[in-house]
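Me: I would like to learn how to read a protein model, step by step. Could we go through one together?

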Amino acid sequence: MKTAEDWWAIWCAALILVVSFAAVWWAQPADLADQLAAGEAVTVGNPLKPWLAKPGGWEGSPVKSLYTPADAESGTTAAHQWRGTLGAFALIGLLFAVAVQIRGQSGWAFLKAFPVVFLLATLAYVMAGHSVVKAYNLEYALWALLVGLVISNTVGTPAFLKPAVQTEFFIKTGLVLLGAEVLMSRLLALGLPGVFVAWVVTPIVLVSTYIFGQKVLKIPSRSLNMVISADMSVCGVSAAIATAASCKAKKEELSLAIGMSLSFTVIMMVVMPAVIKALGMSEVLGGAWLGGTIDATGAVAAAGATLGDRALEVAATVKMIQNILIGVTAFLVAIYWVTYVERDPSGARPGAMEIWYRFPKFVIGFVLASVLFSVLYVQLAAGPELIDAMIKGSTKTLRGWFFCLAFVSIGLETNFRALMPYLRGGKPLILYVCGQTLNLCLTLFMAWLMFRVIFADMIEEMVP
């Protein structure tokens, strides 16, 4: 627990969550309970929000992404994104430098390299913020990956940068923070229909895709097969990272899976809303289909928003329910890998402790964060307002930075020459396309069955 990366991802995320919630708690109005009892509109501020931000949208000059001047006509005030960006830089840099040092590495080497990696992540955010780019929903993850790939496949990643290329540490910490956003109340909002779409189709697609890759395509690497299957069926990058840790996938295999996921996510988030509109689907059915198939949560929200508010709510809720399967998938894959894939018939049968050693511990933090903040959300008098202020004002912004830094790091660690052996014959691409096709068909059928047939009346009442 003192040196392992998984545990330190939990410690770092836990510290951020505790400080963020404490800041919101102390800043709440003294008469908050009275305001709620009177049915008044309640606003809870987050003192950390001005000091934690990311570059915003812009057109004309990229400087506007870091500073947005006031606009008298629209009534908007000046936004100092540069201050929040520097705040995120200082917090993440110092926190991770201490963690790296305690884990037995050089905190000073991390501090010297981190500004460059953070600058690349900032560049990715700025590129994603251009008005034209935003219109095509080309999110920061794609740009972060491309920035890293361009450097690693041209001049090469400088040796001095490598101490700050903490790919898994960044993504694991971000995933624990994501747990605080996966509230159980989301699951209850859609009840059984959402659970059937997210929890019945997903394991069927995952297992079917894995078997198809092994029995039909005969993909040599079982770990590559599994990571692609989990990435495509569960929830994209987050599931790929957790599953890769369980089956000890190589970094090149993880990079390939993530690259395909991001590419298809961009295509699906543009094409699927157009198909839904052309077929005349309802917003609820279309939202459920989007939430169960598009990999990234942000992409799901963007695609759902193009259909309407109801589609956005249903899509985001189904995706949140599906995100809960990250921990379950990682645990089951760890069991399968230890007891079957890596089992030596002539050797001793692996014990339960081997499964525990293999299990990605950061998933525990993800689950605990989800349970804790779900309870606070329901039990506290102003739970929804407090938790939303914490997430929107600080933890969600930091999670975005962790993910962006992770994507930059993945790019810096990935060399196309190392990926070529995995692309021979096009089998990984065929696996992804076939698996995603199955996913699209089964999810649409299950969404239609749940939202339009069995629970149609209930859904109309729950999603006004």
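This is a predicted model: local features need pLDDT of at least 70, side-chain atom pairs count only at pLDDT 80 or more; totals for chains, interfaces and linings use all residues.

Me: Which residue does the side chain of Glu5 meet in a salt bridge?

Reply: The partner is Lys172, with a distance of 3.1 Å from N to O. Lys172 lies in helix α7 and Glu5 in helix α1, so this pair ties together parts that are 167 residues apart in sequence. Lys172 counts as buried, because its relative accessibility is 4%.

Me: Which other residue forms a salt bridge with Lys172?

Reply: Asp6 does, and the closest N and O atoms of the pair are 2.6 Å apart. Since Asp6 lies in helix α1 and Lys172 in helix α7, the pair ties together parts 166 residues apart in sequence. Asp6, at 12% relative accessibility, counts as buried.

Me: How many salt bridges does the structure hold, and where do the residues of the pair Glu181 and Arg399 lie?

Reply: The structure holds 3 salt bridges. Glu181 and Arg399 form one with their closest N and O atoms 2.7 Å apart. The pair links distant parts of the chain, with Glu181 in the loop between α7 and α8 and Arg399 in helix α18, 218 residues apart. Salt bridges that share partners, for their part, join Glu5, Asp6 and Lys172 into one network.

Me: Is helix α7 mostly covered or uncovered, and what do its buried residues pack against?

Reply: The general idea is that an α-helix has 3.6 residues a turn, so residues three or four places apart point the same way. In this structure, helix α7 spans residues 167-179 and reaches 19 Å from its first C-alpha to its last, close to the 18 Å expected. It is mostly covered, as 12 of its 13 residues are buried, including Phe169, Phe170 and Lys172. These buried residues pack against α1, α3, α4, α10, α17 and α18.

Terms used: Residues are numbered from 1 along each chain as its sequence is written. Side-chain values use heavy atoms; hydrogens and water are left out. Helices (H or I, at least four residues) and strands (E, at least two) are DSSP runs, numbered from the N terminus. The expected span of a helix is 1.5 Å times one less than its number of residues. Buried means under 20% relative accessible area, exposed over 50%, partly exposed in between (1.4 Å probe, protein chains only). Contact means heavy atoms within 4.5 Å. A salt bridge is a side-chain nitrogen of Lys or Arg within 4 Å of a carboxyl oxygen of Asp or Glu.
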